[in-house]
Amino acid sequence: LYELGGIYFKQGRYQEAVESFRKVLQTEPTHVYANHALGLVYAVTGDKNGAMQQYYILKDLNSDLAADLLVAIPK
């Protein structure tokens, strides 16, 4: 599901990407890459609140990926 979400993201099928990443996180909430990818989808689609929520989750899991996500979030 994570890989499928990445494919959807690359195709610009953002809602489907969100759904795939959320399904991954339902079974594995600490999946750092799914949290990061979901945050990126939110950032790209202008959902700053969603992106920041993923940032705060990711901050406790992987500070490097959290920093990368923070840069992608529109100011």
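Tyr2 is partly exposed, with 28% relative accessible area. This value falls in the band between the 20% limit for buried residues and the 50% limit for exposed ones. The model is predicted. Phe21, by contrast, is buried, at a relative accessibility of 2%. That figure is under the 20% limit, so the residue counts as buried.

The two side chains form an aromatic pair. Three such pairs occur in the structure. In the pair of Tyr2 and Phe21, the ring centres are 5.8 Å apart and the planes meet at 50 degrees, so the pair is tilted. An angle under 30 degrees would have counted as stacked, and one over 60 as edge-to-face. Tyr2 belongs to helix H1, and Phe21 to helix H2 (residues 14-27). The partners are 19 residues apart, and the pair links distant parts of the chain.

Both residues also line the largest pocket. The volume of this pocket is about 150 Å³. H1 gives the most, with six residues.

By residue class, the lining of the largest pocket divides into seven nonpolar, one polar and two charged residues.

Key
Residues numbered from 1 in each chain as written. Predicted model: local features only at pLDDT ≥ 70, side-chain atom pairs only at ≥ 80, totals over all residues. Heavy atoms only, no water. 1 Å grid on protein atoms, 1.4 Å probe; cavity = no way out; pocket = protein on both sides within 12 Å on 5 of 7 lines; lining within 4 Å. Points joined across faces, edges and corners; volume = space filled by probe spheres on them. Helix = DSSP H or I, 4+ residues; strand = E, 2+ residues; numbered from the N terminus. Nonpolar A, V, L, I, M, F, W, Y, C, P; charged D, E, K, R; others polar. Phe/Tyr/Trp six-rings, centres within 6.5 Å; stacked < 30°, edge-to-face > 60°. Buried < 20%, exposed > 50% of the residue type's maximum accessible area, 1.4 Å probe, protein only.
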